[in-house]
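Please walk through this protein model from its overall layout down to one helix and a few aromatic rings.

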Amino acid sequence: VGLGVNHLARGTDDARTADTALNHPASAPEAASGADPVRTTGPAMHSGTDYTPQSLAAPLATTKAYGVPSPPRMAGAEGGRIPAPDGRDLLARLTDQDALRACLRAIAAEHPAGPLVADLIDYAAFQGEQALVVRFTDGTGTSWAWVSGPECGVPGSGADTRYRTRVG
């Protein structure tokens, strides 16, 4: 927050820089002071990948090699996502930035090892079921893969955790 205030105080109009400084904490003390506990490194993906426990345990560079797409179920998928048995996109709610942010905060609450840096957010599947897959590094420097269901971030549902594993 201090970086954003300093930036604004200098009279610069670059809102993107101020937004980045305000929404993406750079250190654990900032996260502890009420800043967002999760920082993302890029946009979310809609890969359509059907992840497995084995693919999630692999380092990020090899995840795509181990992810197993599910061609028969993906043929009619909207945006590359696997539809529910009744054809609904159960992850549609999480495409809203506020809902996604609530989900990421719920994951951080269930994994309280300092601020999290999400390297991958993928609207995909896990073992044939729609899921939000998040790969992150926690405050200790440990990499994790986290699978959340469509109720992630909904009050009372927490992170709707389906699977989690340490990576590497």
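**Layout, a helix and ring pairs**

Among contacts in the protein chain between residues at least 6 apart in sequence, 53% join residues at least 24 apart. The model is predicted. Its protein chain has seven helices and seven strands, and from the N terminus on these run α-α-α-β-β-α-α-β-α-α-β-β-β-β. Of the 168 residues, 39% are buried. The accessible surface comes to about 8700 Å², with 55% of that belonging to carbon and sulfur atoms.

Helix α7 covers residues 97-110. Its 14 residues should span 20 Å at 1.5 Å a residue, and this agrees with its end C-alpha atoms, which are 20 Å apart. At the start of α7, a side-chain oxygen of Asp96 comes to within 3.1 Å of the backbone nitrogen of Asp98. Buried residues in α7 include Leu100, Cys103, Leu104 and Ile107. Residues three or four places apart in an α-helix point the same way, because there are 3.6 residues a turn. The cover over the buried residues of α7 includes strands β1, β4, β5 and β6.

There are two aromatic pairs. Phe126 and Tyr163 are stacked, at 5.0 Å centre to centre and with 25° between the planes. This pair links distant parts of the chain, since Phe126 is in strand β4 and Tyr163 is in strand β7, 37 residues apart. Phe126 counts as buried at 8% relative accessibility, whereas Tyr163, at 25%, counts as partly exposed. The rings of Phe136 and Trp146 form a tilted pair, because their planes are at 40°, with centres 6.1 Å apart. Phe136 lies in strand β5 and Trp146 in strand β6, so this pair ties together parts 10 residues apart in sequence. Phe136 is buried at 1% relative accessibility, and Trp146 is buried at 0%.

Technical notes
Residues are numbered from 1 along each chain as its sequence is written. This is a predicted model: local features need pLDDT of at least 70, side-chain atom pairs count only at pLDDT 80 or more; totals for chains, interfaces and linings use all residues. Side-chain values use heavy atoms; hydrogens and water are left out. Helices (H or I, at least four residues) and strands (E, at least two) are DSSP runs, numbered from the N terminus. Buried means under 20% relative accessible area, exposed over 50%, partly exposed in between (1.4 Å probe, protein chains only). Contact means heavy atoms within 4.5 Å. Accessible areas come from the Shrake-Rupley method with a 1.4 Å probe; for residues, only the protein chains shown count as cover. The expected span of a helix is 1.5 Å times one less than its number of residues. A polar contact is a pair of N or O atoms within 3.5 Å; within protein, one must be able to donate a hydrogen and the other to accept it, and residues adjacent in sequence count only if both atoms are side-chain atoms. Rings of Phe, Tyr and Trp (its six-membered ring) pair if their centres lie within 6.5 Å; planes under 30 degrees apart count as stacked, over 60 as edge-to-face and the rest as tilted.
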